[in-house]
Amino acid sequence: MSQHSGHVVSVKFYSLIFILLVVLAMLTTGMAFVDLGAFNTVVALVIAFTKATLVALFFMHLRWSPALQRIVGVAALLWLAILIALTLSDYLTRGWIPAPGSWESSLNFTRDFVASLLGWS
Amino acid sequence: MADSHAALAEQFDDVEQQHDAASLGMWLFLATEVMFFGGLFASYTIFRSRYDLAFIEGSHHLNVTLGSINTVILLASSFTMALAVRSAQLGRRRTLIVFLLATIVLGLAFLGIKLSGEYYRDWIEGTVPGLHWSYQSPRAPQVELFMCFYFFMTALHATHMIVGFGIMAVLIIMAARGQISAERCNPVEMAGLYWHFVDIIWIFLFPLLYLVGGRY
């Protein structure tokens with residue numbers, strides 16, 4: 001046997017994964033024509049993550065790779081999640097508290113806030 | 001003097017260690033690529049949360065049929081790439097070249113459909129932001145923003161594909177010269193990782209750009 005490195009996968013198995021990916025791709029498009037309200041986006045993203053996981057695990061051989069490579073793969077997703085979550089935590093919460101445009105508006109905001117705490121109208 | 005195409009470089013203990021080192025390096029590079037595209041995905045998320053209706057309007061302007069066909073074509077190119085890697089691992093030079101060529105042809109079909117069926121039509125209809133924009137709608141400025149995301153993200157993805165064509169062309173030349181063998185197939189495997197990553201990017205781009213707000 002030649003001393004090739006890395007995991008050799010059968011053509012049959014690759015074909016199975018490919019058929020599964022095509023079915024999921026058609027499912028994504030098909031589900032877009034069904035009214036699920038806000039859940040259309042959720043379903044589309046769940047299918048996308050499933051497809052990406054299939055590609056990473058089997059086409060990219062992560063299933064048979066050393067732990068170190070899997071950690072890098074997961075870490076990439078984690079960094080992306082941090083990037084999106086922390087950015088959204090800024091943008092989505094803007095306007096919850098009026099941004100001080102000047103020291104006077106800060107003063108007014110603080111006075112109103114204290115007044116509301118003390119029950120003054 | 002050692003053969004420059006020897007199976008084992010002298011800094012490694014064995015072929016397996018060499019293979020793991022190359023794979024780890026490639027995965028680290030792909031992690032930086034995730035962050036490269038990540039900035040676009042993050043800003044897309046923010047603006048979609050702000051201008052939801054305009055994003056739906058812009059998305060409905062895109063051609064779902066061509067987008068879906070391209071998704072399947074790109075998945076097929078990933079499949080032929082996986083088979084190319086397998087051929088290299090088994091030292092089958094002829095099938096390796098055939099599968100690499102098939103991957104390039106499928107990739108070119110993807111770009112051909114994108115250019116002729118989508119980008120060109122956008123140009124005709126005046127929905128190319130900044131260059132040729134004549135779209136009329138109460139939400140036109142926000143739709144223009146969506147189209148900016150569409151063009152930047154798909155063009156960056158297409159650029160990665162074109163880089164992939166170059167890599168595969170080099171691999172075909174290497175294979176034809178007999179520089180790829182079962183003992184020395186790392187270059188093909190690393191190119192495979194890259195191509196599958198480009199496929200994964202499209203797997204996310206397709207629903208995020210073409211399927212906003214459903215099509216019912």
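This is a predicted model: local features need pLDDT of at least 70, side-chain atom pairs count only at pLDDT 80 or more; totals for chains, interfaces and linings use all residues.
Two residues are in contact here if their C-beta atoms, placed from the backbone, lie within 7 Å. By that criterion, 45 residues of chain A are in contact with 47 residues of chain B. On the side of chain A that touches chain B, α1 (11-32), α2 (39-59) and α3 (67-91) each supply at least two residues. The greatest contribution to that side comes from α3(A), with 13 residues.

Chain B contains six helices and two strands. Taken along the principal axes, the C-alpha atoms of chain B fill a box of roughly 70 × 30 × 30 Å. Of its 216 residues, 39% count as buried. Among the contacts in chain B with a separation of 6 or more, 74% are accounted for by residues 24 or more positions apart.

Helix α3(B) is mostly covered, since 19 of its 26 residues are buried. At 1.5 Å a residue, α3(B) should span 38 Å, and its end C-alpha atoms are 37 Å apart, so the two values agree. After α3(B) comes B:G91, whose phi is positive, near 75°.

The next helix of chain B is α4 (residues 93-125), which has 33 residues. Its first and last C-alpha atoms are 47 Å apart, close to the 48 Å expected at 1.5 Å a residue. Even so, α4(B) bends by about 35° at B:L115. Just after α4(B), B:G126 takes a positive phi of about 70°.

Which residues of α4(B) are buried? They are B:L96, B:F99, B:L100, B:T103, B:G107, B:F110 and B:D122. An α-helix has 3.6 residues a turn, so residues three or four places apart point the same way. The partners of the buried residues of α4(B) are α3 (64-89), β1 (127-128), α5 (140-176) and α6 (186-210) of chain B.

One of these partners, α3(B), can be described through its axis. The axes of α3(B) and α4(B) come within 8 Å and cross at roughly 165°. An angle over 145 degrees counts as roughly antiparallel, and α3(B) and α4(B) are therefore roughly antiparallel to each other. The crossing in which α3(B) passes α4(B) is left-handed.

The crossing in which α3(A) passes α1(B) is right-handed.

Phi of A:H61 is near 65°, a positive value in a residue other than glycine. Is A:H61 buried or exposed? A residue is buried if 20 or more other C-beta atoms lie within 10 Å of its own; A:H61 has 21 within that distance and is therefore buried.

Conventions
Residues are numbered from 1 along each chain as its sequence is written. Chains are lettered from A and ligands numbered from 1 in the order in which they are written. Helices (H or I, at least four residues) and strands (E, at least two) are DSSP runs, numbered from the N terminus. The expected span of a helix is 1.5 Å times one less than its number of residues. The bend at a residue is the angle between axes fitted to the seven residues ending there and the seven starting there. A residue is buried if 20 or more other C-beta atoms lie within 10 Å of its own, exposed if 12 or fewer, and partly exposed in between; C-beta atoms are placed from the backbone. Axes are lines fitted to C-alpha atoms, for helices over the stretch in contact, and angles run from 0 to 180 degrees between N-to-C directions. Angles under 35 degrees count as roughly parallel, over 145 as roughly antiparallel, 65 to 115 as roughly perpendicular and the rest as oblique. A crossing is left-handed if the near helix is turned anticlockwise from the far one by less than a right angle, and right-handed if clockwise.
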